[in-house]
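These are my notebook entries on a single chain. I set down what I looked up, in the order in which I looked.

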Amino acid sequence: MSEQPSILVCFGDSNTHGSAPMRNFDDIRRFGLNERWTGLLAADLGPGWRVYEEGLPGRTTVHPDPIEGSHMSGLAALPIVIGSHSPIDAMVIMLGTNDLKARFSVGASDIAAGVECLVRSIRTLCEVPGRTVPRIFVVAPPPILEIGCLADIFTGGRAKSEALGPMLRRMAERLQVEFIDATDHIRSSEIDGIHFDLDQHRILAGAIGDGMRNLFEH
């Protein structure tokens, strides 16, 4: 029997889904498999890995969305994701951008606490039934810009987003999980201030791929 590929689950929001920058509210384009960072990462890692995309536009860390629905809570989705893909060797978590929406009224420290809740939940969901506990990569999303058609929804979010990266770094160090600050590599699109342009997807895939190789090949 041939050796099974390692499993990587990418758990995130529209930027993991591959949503293109929005010029208006009806603009719901999605970049192709060979364009979005998850697909590029899969190609980069090669046949030794199977990469599963779990990106839901609008997903938060732990908050049911009063407008878009309770299913937007990342915490609520985790048991299904873990159960569906186990055994999982690694998980990338890139969430927090949607928590910046004005409707949630939470600060950067609360968003970091939400990501911490996800990390702890992943470990519990795997440890209790005896599943493999994956290596976890927390990716801090780049700051938003509060421009374009989404600016009103994210009013006040830019300053919070600029404070989030350092808080997530400290959390990752404390919980001993891997950390990548996307701000060191990419920026949000100047079209809507939230999503990533195509060239940024390529750069992000490279940064995460480098992190994966450093962890699993050494």
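Predicted model: local features only at pLDDT ≥ 70, side-chain atom pairs only at ≥ 80, totals over all residues.

Which residues of α6 are buried? I took buried to mean under 20% relative accessible area. On that basis I listed Gln200, His201, Leu204, Ala205, Ala207, Ile208, Gly209, Gly211, Met212 and Leu215 as the buried residues of α6.

I then looked up the helix itself. Helix α6 covers residues 198-216, which is 19 residues. From its first C-alpha to its last I found 27 Å, close to the 27 Å expected at 1.5 Å a residue.

Next I turned to the whole chain. I counted six helices and five strands in its secondary structure. Read from the N terminus, the order of the elements is β-α-α-β-α-β-α-β-α-β-α. The radius of gyration is 16 Å, against 17 Å from the globule rule for 218 residues, so the chain is as compact as a globular protein of that length. I also noted the box filled by the C-alpha atoms, roughly 55 × 35 × 30 Å along the principal axes.

Of its 218 residues, 52% are buried. Among contacts with a separation of 6 or more, 73% join residues 24 or more positions apart.

My last entries concern surface and charge. I recorded an accessible surface of about 9,900 Å² for the chain, with 51% of it belonging to carbon and sulfur atoms. I found 20 positive and 28 negative side chains, and the centres of these two sets lie 2 Å apart.

Definitions and conventions:
Residues numbered from 1 in each chain as written. Heavy atoms only, no water. Helix = DSSP H or I, 4+ residues; strand = E, 2+ residues; numbered from the N terminus. Expected span 1.5 Å × (residues − 1). Buried < 20%, exposed > 50% of the residue type's maximum accessible area, 1.4 Å probe, protein only. Rg over C-alpha atoms; globule rule 2.2 N^0.38 Å. Contact = heavy atoms within 4.5 Å. Areas by Shrake-Rupley, 256 points an atom, 1.4 Å probe, with all protein chains shown as cover. Lys, Arg positive; Asp, Glu negative; His and termini not counted. Charge placed at Lys NZ, Arg CZ, Asp CG, Glu CD.
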